[in-house]
Amino acid sequence: MASELDRIDLKMLRLLQKNGRLSNAELAQSVDVSPATCHRRTQRLFEEGYIKTVRAMIEPQKVGRGALVMVGVVLDRSTPESFGAFEKAVAKLSFVLDCNLVAGDFDYFLKIRVGDMADFNRIHGTQLIALPGVRQTRTFFVMKEVVDNALLEF
């Protein structure tokens with residue numbers, strides 16, 4: 001069972017969320033605890049699932065993935081089996097950044113990064129519409145990213 005978070009844990013989480021490259025010594029100094037205590041607390045935050053992972057945020061333009069596409073997906077059936085088959089298959093697609101089951105006009109929303117419209121057209125025609133149970137897709141090309149991956153407030 002996860003332990004309760006105190007003000008030091010919360011401050012550590014906020015600081016690491018802003019800058020995952022903080023060294024243990026820098027983090028310890030910022031929250032006013034010893035490096036050993038800071039290390040133990042950080043390990044506990046990982047073990048208890050408060051911190052899922054630490055990774056670099058890559059600039060999509062620099063690696064040829066400057067086009068952001070949102071795709072609404074409607075499945076032909078709304079059953080646990082059809083949802084499961086779709087989710088298992090979509091999880092294998094490396095170009096899909098996010099896949100969310102949603103309420104409303106669509107069953108899922110996918111967030112996809114590609115090089116350009118032609119790149120998306122190719123994967124749409126060969127991989128997206130071939131996913132299990134897909135009846136319809138609706139594509140939205142993002143013209144401007146206003147807020148992306150904002151910090152989680154807590």
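This text walks through a predicted model, from its sheet to its cores and then to a few single residues.

Start with the sheet. Four strands make up an open sheet, and their order is β2-β3-β1-β4. The pairing is antiparallel. Strands of a sheet pair through backbone hydrogen bonds, either parallel or antiparallel. Look next at the edges of this sheet. Strand β2 covers 96-101 and strand β4 covers 134-141. Each of these two has a single partner strand, so one side of each is left without a neighbour in the sheet. Neighbouring strands are also turned against each other, by 20° on average with direction ignored.

Strand β1 spans residues 67-75 and runs antiparallel to β4. Seven bridges join β1 and β4. Which residue of β4 stands opposite valine 69? Phenylalanine 141 does.

Helices come next. Helix α4, residues 80-90, packs on the sheet. Helix α4 touches β1, β2, β3 and β4. Its direction makes about 15° with that of β3, the strand at 108-114. Helix α5 is made of residues 117-128. Helix α5 lies across β1, β3 and β4. Against β3, helix α5 runs at about 135°.

Aromatic rings come next. The model has five aromatic pairs. One of them joins phenylalanine 86 and tyrosine 108. Their ring centres are 4.5 Å apart. Their planes stand at 35°, so the pair is tilted.

Another aromatic pair is formed by phenylalanine 109 and phenylalanine 140. This pair is tilted as well, with 40° between the planes and 6.3 Å from centre to centre. Phenylalanine 109 lies in strand β3 and phenylalanine 140 in strand β4, so the pair ties together parts that are 31 residues apart in sequence. Phenylalanine 109 has a relative accessible area of 25%, so it is partly exposed. Phenylalanine 140, at 34%, also counts as partly exposed.

The largest nonpolar core has 20 residues. Among these, Val71, Val73, Phe86, Leu110, Ile112, Phe120 and Leu128 touch the most other members. Four elements, β1, α4, β3 and α5, each supply at least two residues of this core. Which element gives the most? Strand β1 does, with five residues.

Leaving aside residues up to four places away in sequence, leucine 110 touches Val69, Met70, Val71 and Val73, among others. Its contacts also include Phe86, Val90, Val96 and Leu128. Asp98 and Cys99 are on the list too.

Now consider arginine 41. Arginine 41 lies in helix α3, which covers residues 35-47. Is arginine 41 buried or exposed? Its relative accessibility is 17%, so arginine 41 counts as buried. The cut-off for buried is under 20%. Not counting residues up to four places away in sequence, arginine 41 touches Asp6, Ile8, Asp9 and Met12.

A disulfide is a covalent bond between the sulfur atoms of two cysteines. How many disulfides does the model have? The count is zero. Cysteine 38 is buried, because its relative accessible area is 0%. Cysteine 99 has a relative accessible area of 30%, so it is partly exposed.

Finish with two backbone details. Aspartate 32 is not a glycine, yet it has a positive phi of about 60°. Its place is the loop between α2, residues 24-31, and α3. With a relative accessible area of 70%, aspartate 32 is exposed. Asparagine 149 is not a glycine either, and its phi is positive at about 55°. Asparagine 149 is found in the segment after β4. Its relative accessible area is 52%, so asparagine 149 is exposed.

Technical notes: Residues numbered from 1 in each chain as written. Predicted model: local features only at pLDDT ≥ 70, side-chain atom pairs only at ≥ 80, totals over all residues. Heavy atoms only, no water. Buried < 20%, exposed > 50% of the residue type's maximum accessible area, 1.4 Å probe, protein only. Contact = heavy atoms within 4.5 Å. Pairing = 2+ DSSP bridges. Axes fitted to C-alpha atoms, helices over the stretch in contact; angles between N-to-C directions. Phe/Tyr/Trp six-rings, centres within 6.5 Å; stacked < 30°, edge-to-face > 60°. Core = buried A, V, L, I, M, F, W, Y, C linked by side-chain atoms within 4.5 Å. Disulfide = S-S within 2.5 Å.
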